[in-house]
Amino acid sequence: MESFPRRIVAERSQQERQPEKVPQGEVLGFDDIASVETVKGSVYRYLPDGTTQRYKKVEGKEYDAQSALVYVPDYTWFKAHAPKHLFDRLGDNEAIYTERLLEYVQNPRKDGKKVYIVDGTGRKIETNKEIKETKGTIYLAFLSGDATEFTIPVSHVPKIGFMTFDTRTYADANTGERMRERHLGNRVAKIVRKSE
């Protein structure tokens, strides 16, 4: 397990305090979830091997299984809980907020911006199993190069209105190089429990 640079912890402590927990809404355990559907119709299925898989309705395509899936607070939650310095960075409305988050997720090799799922100590979290076992708050860490610019607490279980963020690591078929795929999805519209 790769440990994130320790400076993330120091940088977080120098920032204005963020709320330590994202509201989870109804009581829902990680193992209770069968699937999640977004406002655009994409379906994220929780698979028996601990991965998740996205079916994009618009394309009629099922994507490769992802190692980790978390839920990013919507702008309403952000506006109510985020420290002031994040408004300067992430904007003062939903469109700008989403656009700024996407800047870190899309084309990370072009501009050096990266996003990782981390715990409160800055340890990278790579799988849903690790997410499930993590005690305390989970964050998305947004970096430029190796410098952490900011963090946002995320939910390990779906919440209506929150956006999906899924990621996986894999070996490039041609070079064998370790690659990371990231995807910031649409807002959650429906949660299906295994018991349904």
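How many bridges pair strand S1 with strand S10, and in which sense do the two strands run? I looked this up at the start. S1 (residues 33–38) and S10 (residues 178–193) pair over 5 bridges, in the antiparallel sense. I note here that the model is a predicted one.

**Entry: S1 against S10.** I picked out two residue pairs. Isoleucine 33 has arginine 193 in S10 as its bridge partner. For threonine 38, the bridge partner in S10 is valine 188.

**Entry: the sheet around S1 and S10.** I then traced the strand order. The sheet is open and has 7 strands, in the order S4-S3-S2-S1-S10-S9-S5, with antiparallel pairing. S4 (61–62) and S5 (68–72) are the edge strands; each has a single partner strand, so one side of each has no neighbour in the sheet. For the side chains I kept a general rule in mind: along a regular strand they alternate between the two faces of the sheet.

**Entry: hairpin S2 and S3.** S2 (residues 43–46) and S3 (residues 52–56) are joined in the antiparallel sense by 4 bridges. I found tyrosine 46 opposite threonine 52 in S3. Between the strands of this hairpin there are 5 residues, and glycine 50 has a positive phi near 95°.

**Entry: hairpin S3 and S4.** I counted 2 bridges here, again with antiparallel pairing of S3 and S4. Tyrosine 55 has glutamate 62 in S4 as its bridge partner. The hairpin leaves 4 residues between S3 and S4, and in the turn glycine 60 shows a positive phi of about 60°.

**Entry: hairpin S9 and S10.** S9 and S10 run antiparallel and are joined by 8 bridges. Arginine 168 is opposite glutamate 181 in S10. This hairpin has 6 residues between its strands, and glycine 176 in the turn takes a positive phi of about 80°.

**Entry: the sheet of S6, S7 and S8.** I looked up this sheet next. It is open, has 3 strands in the order S6-S7-S8, and its pairing is antiparallel. S6 (113–119) and S8 (147–154) are at the edges, and each pairs on one side only. On average, neighbouring strands of this sheet are turned by 25° against each other, with direction ignored. S6 and S7 (residues 138–144) run antiparallel and are joined by 7 bridges. In this sheet I found tyrosine 116 opposite alanine 141 in S7.

**Entry: helix H4.** Which strands does H4 lie across? I found H4 (residues 94–105) across S5, S9 (163–171) and S10, and its direction is at about 145° to that of S10. H4 also lies across S6, S7 and S8, running at about 95° to S6.

**Entry: isoleucine 131.** I then listed its contacts, leaving out residues up to four places away in sequence: isoleucine 131 touches Phe30, Ala68, Leu69, Val70, Ile117, Ile125, Ile138 and His156. The C-alpha atoms of isoleucine 131 and histidine 156 are 6.7 Å apart, while the two residues are 25 residues apart along the chain.

Key. Residues numbered from 1 in each chain as written. Predicted model: local features only at pLDDT ≥ 70, side-chain atom pairs only at ≥ 80, totals over all residues. Heavy atoms only, no water. Pairing = 2+ DSSP bridges. Contact = heavy atoms within 4.5 Å. Axes fitted to C-alpha atoms, helices over the stretch in contact; angles between N-to-C directions.
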